[in-house]
Amino acid sequence: MSTSFTGGCACGALRYEISAEPAVMVDCQCRQCQRESGTGHASHLTFPSAAVKVEGKATHWEATGDGGTVKRRAFCPTCGSPVYMTFPAMPDYFVIRAGSLDDPSRYKPQFVTWHAAGHAWDHLDPALPKFENMPPT
């Protein structure tokens, strides 16, 4: 296993350390990710929850995604940075924002989800596989 993944919010009040490799790294173009990120997509790394340590107190809000999944998003109450996301129905998964990593160069997207909601001005790697919504499991 390589070095832990570490990161947190812009002001440093909310930090995480993850002692596992990501299960998947994805660019998501759903409208919810667009709204939360303030741009055309959000970039996520998914890890097993058991490998995650979080320091600091996050503020949470829940919303149901286009595919029906309830997402519990966490952000720093001091600086407002979105940092991570969990799923009440899938507690074994912990998702971080690529931009919250101390070393964002470790993010290597594998595919794009919800491409049907994408915008022509949001230029993602053309070599990545793209799924209209979520990929088949």
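Helices (H or I, at least four residues) and strands (E, at least two) are taken here as DSSP runs and numbered from the N terminus. The views show a predicted model, in which local features need pLDDT of at least 70 and side-chain atom pairs count only at pLDDT 80 or more, while totals for chains, interfaces and linings use all residues. Residues are numbered from 1 along each chain as its sequence is written, and side-chain values use heavy atoms, with hydrogens and water left out.

View 1. Seven strands, in the order β6-β7-β8-β9-β4-β3-β10, make up an open sheet of mixed pairing, where two strands pair if DSSP finds at least two bridges between them. The edges are formed by β6 (59-64) and β10 (111-113), each of which pairs on one side only. Neighbouring strands of the sheet are turned against each other by 30° on average, direction ignored, the axes being lines fitted to C-alpha atoms (for helices over the stretch in contact) and the angles running from 0 to 180 degrees between N-to-C directions. Within the sheet, β8 (residues 82-86) and β9 (residues 93-97) run antiparallel and are joined by 3 bridges, and T86 stands opposite F94 in β9.

**View 2. Two nonpolar cores.** A nonpolar core is a set of buried Ala, Val, Leu, Ile, Met, Phe, Trp, Tyr and Cys residues joined through side-chain atoms within 4.5 Å; buried means under 20% relative accessible area, exposed over 50% and partly exposed in between, for a 1.4 Å probe and protein chains only. The largest core has 21 residues, and those with the most contacts inside it are L14, I18, L45, Y84, I96 and L101. At least two residues of this core come from each of β2 (15-18), β4 (42-48), β8 and β9. Apart from it lies another core, of 5 residues, among them C28, C30, C33 and W114.

View 3. On a 1 Å grid over the protein atoms alone, a cavity is a set of points where a 1.4 Å probe fits but cannot get out, whereas a pocket is an open set with protein on both sides within 12 Å along at least five of seven lines, and lining residues have an atom within 4 Å of a point. Grid points are joined across faces, edges and corners, and a volume is the space filled by probe spheres set on the points. The count comes to 1 cavity of 30 Å³ or more, and about 40 Å³ of space lies in the largest cavity. Its lining includes E36, H44, R73 and Y84, and the largest share of that lining, 4 residues, comes from β8. The largest pocket has a volume of about 670 Å³; of the 25 residues that line it, T46, F87, M90, T113 and M134 are the closest to its centre. At least two residues of the pocket lining come from each of β3, β4, β9 and β10, and β3 gives the most, with 3 residues.

**View 4. Q29 and H115.** Q29 is placed in the loop between β3 (24-28) and α1 (31-37) and counts as buried, at 1% relative accessibility. H115 lies in the segment after β10 and is partly exposed, with a relative accessible area of 29%. Leaving aside neighbours within four places in sequence, H115 is in contact (heavy atoms within 4.5 Å) with Q29, K130, F131 and E132. H115 and F131 are 16 residues apart in sequence and 5.8 Å apart in space, C-alpha to C-alpha.
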